[in-house]
Amino acid sequence: MNKKDDFYFMGLALELAKQAAALGEVPVGAVVVREGEVVGRGYNRRETGKNALAHAELAAIDEACRTLGGWRLWQCDLYVTLEPCPMCTGAIINSRMVRVVYGASDPKAGCCGSVIDLTALPFNHKPQLVSGVRAEECAALLSDFFKTLRSARRQTETPTEPTPSTPLSNMPPTTSKN
């Protein structure tokens, strides 16, 4: 694959991430590609599916395995909008993926270099890592999603004001400025 292909396939992952956002999910999308053909797609569905395993990468890997009829994806590349977490990085290693191309880095849970690089450990397979493809678009999608989420939460929260029937011990702590 070349940079032009990486740009194109990351665009497909971004479209899937937008589908996740439309459902109120964290906008992460992923595609698995073999020889220029998409063989697996996925986007986050943890909230709608009430399932901690419903990550974009796992959905795309699962579909690719079913499409290709086996668990070894040794001729495939994964494109994902956010750096994979520990669980997804483990699945990538176990499925023998050739390359992982991701957009935005994840300083909180990224396991392809940000927090730790699990692919550098002495496992029996080491996928190539390509980071930063369409990173600004991927990061902006995530940033906008969380900004909207925080704004919506602020609008639904009503501050508790002390009333004669509200004991002060039930009030949120105040900060003092010294």
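Select Thr119 and Asp117: their side chains are joined by a polar contact of 2.4 Å. A polar contact is a pair of N or O atoms within 3.5 Å; within protein, one must be able to donate a hydrogen and the other to accept it, and residues adjacent in sequence count only if both atoms are side-chain atoms. This is a predicted model, in which local features need pLDDT of at least 70 and side-chain atom pairs count only at pLDDT 80 or more, while totals for chains, interfaces and linings use all residues. Residues are numbered from 1 along each chain as its sequence is written, and side-chain values use heavy atoms, with hydrogens and water left out.

Remain at Thr119, which is found in the loop between β4 and β5. Is Thr119 buried or exposed? Thr119 is buried, because its relative accessible area is 7% and buried means under 20% (exposed is over 50%, partly exposed in between; 1.4 Å probe, protein chains only). Apart from neighbours within four places in sequence, Thr119 is in contact with Thr89, Ile93, Cys111, Lys126, Pro127 and Leu129; contact means heavy atoms within 4.5 Å.

Now display the whole chain as a cartoon. The protein chain has five helices and five strands, in the pattern α-β-β-α-α-β-α-β-β-α along the sequence. Helices (H or I, at least four residues) and strands (E, at least two) are DSSP runs, numbered from the N terminus. Of the 178 residues of the protein chain, 40% count as buried.

Next, select the strands. Five of them form an open sheet in the order β2-β1-β3-β4-β5, with mixed pairing; two strands pair if DSSP finds at least two bridges between them. β2 (37–43) and β5 (128–131) stand at the edges with a single partner strand each, so one side of each is left without a neighbour in the sheet. On average, neighbouring strands of this sheet are turned by 15° against each other, direction ignored. Axes are lines fitted to C-alpha atoms, for helices over the stretch in contact, and angles run from 0 to 180 degrees between N-to-C directions.

Within the sheet, select residues 29–34 and 76–82. These are strands β1 and β3, which pair in the antiparallel sense over five bridges. Val31 stands opposite Tyr79 in β3.

The aromatic rings come next. The structure holds three aromatic pairs. Rings of Phe, Tyr and Trp (its six-membered ring) pair if their centres lie within 6.5 Å; planes under 30 degrees apart count as stacked, over 60 as edge-to-face and the rest as tilted. Select Phe9 and Tyr79, a tilted pair with 5.4 Å centre to centre and 40° between the planes. This pair links distant parts of the chain, with Phe9 in helix α1 (residues 3–22) and Tyr79 in strand β3, 70 residues apart. Both Phe9 and Tyr79 are buried.

Move to Phe145 and Phe146, an edge-to-face pair with 5.1 Å centre to centre and 80° between the planes. Phe145 is buried, with a relative accessible area of 13%, whereas Phe146 is partly exposed, at 32%.

Finally, select Arg45 and Tyr43. The charged end of Arg45 sits over the ring of Tyr43, 4.2 Å from its centre. A charge sits over a ring if NZ of Lys or CZ of Arg is within 6 Å of the ring centre and within 35 degrees of the ring normal. Arg134 likewise lies over the face of Phe7, at 3.9 Å from the ring centre.
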